[in-house]
Amino acid sequence: MLSASYTGLKLLLMRHGEAEMGRGMLDHARRLTAGGAAEVRRVAAELAKGGHLPKLGVASDSSRTKDTASSANLEWPAQAVEWRFEPSLYLAGLTKIQAVLAKIDAKQYPVVLLLGHNPRS
């Protein structure tokens, strides 16, 4: 459950696009595949078409989330979305995610896209 500090904030959730398998590289350095970039562009176009353009995007600082942000930006008006890349969000649990979201001013950023990773068990 989100706390009351998120009142007025519309939160969009999205997973990064398909990434390379990562053989011989650190997980954090994995990049999007061409197919993953195309997936992201389709989703970003649908969000814009539906009137769900974020003012702020928040993601970990992994290569694949940065690639996802760049791909999404291709479908959105220039400089429409400000991005923040938070190292603490890399494979973060709920507590870390809530801490990042709690710092966002909903009046300045009424629509926020939280770009995440697959949860690990």
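Trainee: Is Asp27 buried, partly exposed or exposed?

Mentor: Keep in mind that this is a predicted model, where local features need pLDDT of at least 70, side-chain atom pairs count only at pLDDT 80 or more, and totals for chains, interfaces and linings use all residues. Residues are numbered from 1 along each chain as its sequence is written, and side-chain values use heavy atoms, with hydrogens and water left out. Buried means under 20% relative accessible area, exposed over 50%, and partly exposed in between (1.4 Å probe, protein chains only). Asp27 has a relative accessible area of 21%, so Asp27 is partly exposed.

Trainee: Which side chain does Asp27 meet in a salt bridge?

Mentor: A salt bridge here is a side-chain nitrogen of Lys or Arg within 4 Å of a carboxyl oxygen of Asp or Glu. For Asp27, the N to O distance is 3.0 Å, and the partner is Arg64.

Trainee: How many residues apart in sequence are the parts this pair ties together?

Mentor: Helices (H or I, at least four residues) and strands (E, at least two) are DSSP runs, numbered from the N terminus. Asp27 lies in the loop between β1 and α1 while Arg64 sits in helix α2, so the parts tied together are 37 residues apart.

Trainee: Which residue does Arg41 meet in a salt bridge?

Mentor: Arg41 lies in helix α1 and its partner in the loop between α2 and β3, so this pair ties together parts 34 residues apart in sequence. With 2.7 Å from N to O, the partner is Glu75.

Trainee: How many salt bridges does the structure hold?

Mentor: Besides those pairs, Glu82 and Arg84 meet at 3.7 Å, N to O. Salt bridges that share partners also join Asp27, Arg30 and Arg64 into one network. The structure's total is 5.

Trainee: On to the sheet: what order do its 4 strands have?

Mentor: Two strands pair if DSSP finds at least two bridges between them. β1 and β3 stand at the edges with a single partner strand each, so one side of each is left without a neighbour in the sheet. This is an open sheet with parallel pairing, and the order is β1-β4-β2-β3.

Trainee: How many bridges join β2 to β4?

Mentor: β2 and β4 run parallel. Val58 stands opposite Leu114 in β4. The number of bridges joining β2 to β4 is 4.

Trainee: What angle does the direction of α2 make with that of β3?

Mentor: Axes are lines fitted to C-alpha atoms, for helices over the stretch in contact, and angles run from 0 to 180 degrees between N-to-C directions. Contact means heavy atoms within 4.5 Å. α2 packs on the sheet, touching β1, β2, β3 and β4, and its angle with β3 is about 175 degrees.

Trainee: Last one: which residues have the most contacts inside the largest nonpolar core?

Mentor: A nonpolar core is a set of buried Ala, Val, Leu, Ile, Met, Phe, Trp, Tyr and Cys residues joined through side-chain atoms within 4.5 Å. Leaving aside neighbours within four places in sequence, Trp83 is in contact with residues including Ala69, Trp76 and Leu113. The core has 15 residues, and those with the most contacts inside it are Trp76, Trp83 and Leu113.
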